Amino acid sequence: KHQEESTLRELRIFLRDVLTKLGRDRKFSMFTKPVDLEEVPDYLVIVKKPMDMSTMMTKIDLHEYVTVEAFMSDIDLICRNALEYNPAKDPAGRAIRHRACAFKDTAYAIIKAELNSDFEKQCQEIAQAR
Ligand SMILES: COC(=O)[C@H](Cc1ccco1)c1ccncc1
C-alpha cells in the first residue's frame, strides 16, 4: 500500500539521521566501519556476528529495517560485540567498553528525543502484516 511505503520511507530517513548523528561523534569512530579482520585475526573466533554503522547504513538502503526496534537490535549488537571482544583487564579494554556503553546510551537518547511512539507502532503493524 502507498501509505505503508510512505511510512517506511520516513523510517529510513529517520534511521539515516540517527546514524549520521552518531557517526559525527569522534569517540564512536571505532564503530563506524567493520573491525579489520587482518588487524584482528581472532575477532571472528570471539564475535559471531560483527556489526558496524556502515553496515547498518547499507541495511537501511536495502530496506532491511521495518521497525526502529530492529535497528536498535543492531545498535545493541555493536555494543555487545565490543564488550565481548575487549575485556576490562587493561585500560585500553576498559576505554573501549566505556565507549561501547556510551554509544548505546547515546543512540537510545537520540531515538527517544526524536521518535514518535505512534510512528513506531505503525511500523510494528506493517512488520506484523508481512
Ligand atoms: C569496536 O572495535 C573493536 O572492538 C576493535 C578491537 C580491537 C582491538 C585491537 C584492535 O581492534 C577496535 C578497533 C579500533 N579501536 C579500538 C578497538
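Student: Why does Phe103 count as buried?

Tutor: Keep in mind that this is a predicted model. The relative accessibility of Phe103 is 0%, and buried means under 20%, so Phe103 counts as buried.

Student: What makes Phe28 and Phe103 an edge-to-face pair?

Tutor: A search of the whole structure gives 5 aromatic pairs. For Phe28 and Phe103, the ring centres are 5.5 Å apart and the planes stand at 80°. Centres must lie within 6.5 Å to pair, and planes over 60 degrees apart count as edge-to-face, so this pair is edge-to-face.

Student: Why is that pair said to tie together parts that are 75 residues apart in sequence?

Tutor: Look at where the partners sit. Phe28 belongs to the loop between α1 (2–23) and α2 (43–46), and Phe103 to helix α5 (residues 91–114), so the pair ties together parts 75 residues apart in sequence. Phe28 and Phe103 are both buried.

Student: Why is the pair of Phe31 and Phe103 called tilted?

Tutor: The planes of these two rings are at 35° and their centres 4.9 Å apart. Stacked needs planes under 30 degrees apart and edge-to-face over 60, so with 35° the pair is tilted. This pair also links distant parts of the chain, with Phe31 in the loop between α1 and α2 and Phe103 in helix α5, 72 residues apart.

Student: How do you know whether Phe31 is buried or exposed?

Tutor: Its relative accessibility is 5%, and the limit for buried is under 20%, so Phe31 counts as buried. Phe28, Phe31 and Phe103 form one aromatic cluster.

Student: Which residues are closest to the centre of the largest pocket?

Tutor: The largest pocket has a volume of about 300 Å³. Of its 17 lining residues, Met30, Phe31, Val35, Tyr43 and Asn86 are the closest to the centre. Helix α4 (residues 68–85) gives the largest share of the lining, 4 residues.

Student: How do the residues of that lining divide into nonpolar, polar and charged?

Tutor: The lining of the largest pocket has 11 nonpolar, 2 polar and 4 charged residues.

Student: Let us turn to the helices. How do you know that the span of α1 agrees with its number of residues?

Tutor: At 1.5 Å a residue, the 22 residues of α1 should span 32 Å, and the end C-alpha atoms are 31 Å apart, so the two agree. Helix α4 passes the test as well: its 18 residues should span 26 Å, and its end C-alpha atoms are 26 Å apart.

Student: What do the buried residues of α1 pack against?

Tutor: They pack against α3, α4, α5 and α6 (117–129). Among these buried residues are Leu8, Leu11, Leu15, Val18, Leu19 and Leu22. In general, an α-helix has 3.6 residues a turn, so residues three or four places apart point the same way.

Student: What covers the buried residues of α4?

Tutor: The cover includes α1, α2, α3, α5 and α6. The buried residues of α4 include Phe71, Asp74, Ile75, Ile78 and Ala82.

Student: Why is Arg80 called partly exposed?

Tutor: Arg80, in helix α4, has a relative accessible area of 43%. Buried is under 20% and exposed over 50%, so Arg80 is partly exposed. From Arg80 to Arg97 it is 17 residues in sequence and 9.2 Å in space, C-alpha to C-alpha.

Student: What makes Thr55 partly exposed?

Tutor: The relative accessible area of Thr55, a residue of helix α3, is 29%. That lies between the limits of 20% and 50%, so Thr55 is partly exposed.

Student: Where is His63, and what is its phi?

Tutor: His63 lies in the loop between α3 (53–61) and α4. Its phi is near 60°, which is a positive value in a residue other than glycine. With a relative accessible area of 44%, His63 is partly exposed.

Technical notes
Residues are numbered from 1 along each chain as its sequence is written. This is a predicted model: local features need pLDDT of at least 70, side-chain atom pairs count only at pLDDT 80 or more; totals for chains, interfaces and linings use all residues. Side-chain values use heavy atoms; hydrogens and water are left out. Rings of Phe, Tyr and Trp (its six-membered ring) pair if their centres lie within 6.5 Å; planes under 30 degrees apart count as stacked, over 60 as edge-to-face and the rest as tilted. Helices (H or I, at least four residues) and strands (E, at least two) are DSSP runs, numbered from the N terminus. Buried means under 20% relative accessible area, exposed over 50%, partly exposed in between (1.4 Å probe, protein chains only). On a 1 Å grid over the protein atoms alone, a cavity is a set of points where a 1.4 Å probe fits but cannot get out, and a pocket is an open set with protein on both sides within 12 Å along at least five of seven lines; lining residues have an atom within 4 Å of a point. Grid points are joined across faces, edges and corners, and a volume is the space filled by probe spheres set on the points. Ala, Val, Leu, Ile, Met, Phe, Trp, Tyr, Cys and Pro count as nonpolar, Asp, Glu, Lys and Arg as charged, and the others, Gly among them, as polar. The expected span of a helix is 1.5 Å times one less than its number of residues. Contact means heavy atoms within 4.5 Å.
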